Amino acid sequence: MNAVTHDSSLDADARAAVTIGRPADELRTLWLRPDTQSRIWSHFADVTPIDERTAEWVAHGPAGGEYRWRTELAAGGTNELRWSSSDGADVANAGVLVFQPAPGDRGTELHLDVRFDPPGGPLGQALSKLFHLVPREIVLKALYKFRALALTGEIPTTDPQPAARKGGTDR
Amino acid sequence: MRALCWNGVNDLRVETVADPEILNLRDVILKVRLTTTCGSDLHLIDGLIPTMREGDVLGHEFMGEIVDVGREVTKVKRGDRVVVPSFIACGQCWYCQHDQYSLCDTSHPKPELQEPLLGYPTGGIYAYSHAFGGYAGSHAEYVRVPFADTDCFLVPDGLSDENALFISDAAPTGFMGADFCNIQRGDVIAVWGCGGVGLMAQQSAMILGAERVIAIDRYPERLAQAEAFGAIPLDYTKVDVIEALKELTGGRGPDACIDAVGMEADGTGVQHAYDRVKQALYLESDRGAALRQAMLAVRKGGTLSILGVYALMDKFPLGLLMNKGVTVRTAQQHGQAYVPRLLEHAQRGELTPAALATHRFSLEESPKGYHMFKHKEDGCLRAVFAP
């Protein structure tokens, strides 16, 4: 392992939670629909379902690098979903999504925890730099997109859009 | 299509950009009939709001005709003349269902940009930086409107485009500000600012039963419009506002104070000089003269209703609020909760938003319109563009 991946501030354990005004079983069914995963993770990786339990992930890193892995859904309880990457993954990772009843009429709380474990060496360093900036954002954005999909049937987007020229910079 | 694009601080140009398209099934495309400047645009143009990008199409207050509809749009159709609130709301989430539409949980496409600043993302808004969603604005021939069934409101026959236009933003923002005051019989309401939002807040306070409305500004033509609406005008450069308000309220102070000014407040004296210097040096983003005065003026146990747009003001005299037991209400406009009622008030002539439209321009002339609006030339209250 190199110095970057040893740094505890790397925080490759990304957690986020949202509350969605729908019952847990409905949300669980939506989460498991093959096209849902590809839609909610599109800011991070191209996800292609292989079968009901397995999916192929391709993440695009800096400088055009591609990182691939396959995830498999594990057997779990009715109030959670667990998955982890198979052997040989470019980016080993494991996730757990827990469904909890929200208080009052608020629906269901979704707690998502994804542990990224980049390997050492030059590739691992590159990934660490990439994930150092964004692991929580990756997870939070996926949950926000899932909430929009569950409540409205669509994910908000402005892409493609004419609001700004490509390559425009923040001021 | 042609559109007014932001290219950097104080650099606006009309350019040819790609036409908007239907991206989601509940979108419509609107052919813009009228679109207008808003004081909050000046914060963007002046570079006080981060995450603007070169080429962003400005404009968030507009009305127009539907020319294309997504497959799942059911309540509006091609050819409908509609007005659209500036915040985009899905109508399905907890916030929308509690009439807090500008807090919509699902309409922000880039929540990761805003969540670190605010803790939680708001709803998306047209043309108000990428931290607020990055949606293309309405100073263009066409604009894409998501969630059309929730966000498009039919303009009744007989109501002019000019009257409908401001029911997109200035009128619902002002009405919400008056609604926040929970106006009771005998209440006196003071409104800082006689721009579009302030004037609409004044008319709204009267509709909601205020005994007396006091309008505070420095520009004679704006104060004259407030007086024409029935408010008592106060020129803060000519009178001591705090003393004048005590005089007008028998020493009680206004029951509620509405700040319709925001972060680029003019003012007088040492505090204003301090604010201008700090803002020029980027030591603070906000000049809060109006807000501070409203906090001092409001009666004990009264309400402070904040409509002005602020960023991250420092030196905020919280003790005034705490010791006087003041209730603070504030929000970006929850327009969808108010538009149907406002259309009715406008039809009955109780609300007259068209009075705000002092200057009209073509889209090609819109940079000139913003210049006039910003510098309040020729009594410009709002510049309206007809693409």
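Visitor: How many bridges join β10(B) to strand β11 of chain B?
Guide: Four bridges join β10(B) to β11(B), residues 232–235, and the two strands run parallel. Strands pair when DSSP finds at least two bridges between them. This is a predicted model, with local features needing pLDDT of at least 70, side-chain atom pairs needing 80 or more, and totals for chains, interfaces and linings using all residues. Residues are numbered from 1 along each chain as written, chains are lettered from A and ligands numbered from 1 in written order, and side-chain values use heavy atoms, without hydrogens or water.

Visitor: Which residue stands opposite B:I214?
Guide: B:I232, in β11(B), stands opposite B:I214. From β10(B) the chain crosses to β11(B) through helix α8, residues 220–228, in a right-handed β-α-β crossover. Right-handed means clockwise from first strand over helix to second, the strands pointing away from the viewer.

Visitor: And which strand pairs with β10(B) over five bridges?
Guide: That is β9(B), residues 188–192, which pairs with β10(B) in the parallel sense. Within this pairing, B:V188 stands opposite B:R212.

Visitor: Why is β10(B) largely enclosed?
Guide: Five of the six residues of β10(B), residues 212–217, are buried, so the rest of the structure largely encloses this strand. Buried means under 20% relative accessible area (1.4 Å probe, protein chains only).

Visitor: Turning to the whole chain, how many helices and strands are in chain B?
Guide: Chain B has 14 helices and 16 strands, taken as DSSP runs of at least four residues (H or I) and at least two (E), numbered from the N terminus. Of its 387 residues, 59% count as buried.

How values were computed: Buried < 20%, exposed > 50% of the residue type's maximum accessible area, 1.4 Å probe, protein only.
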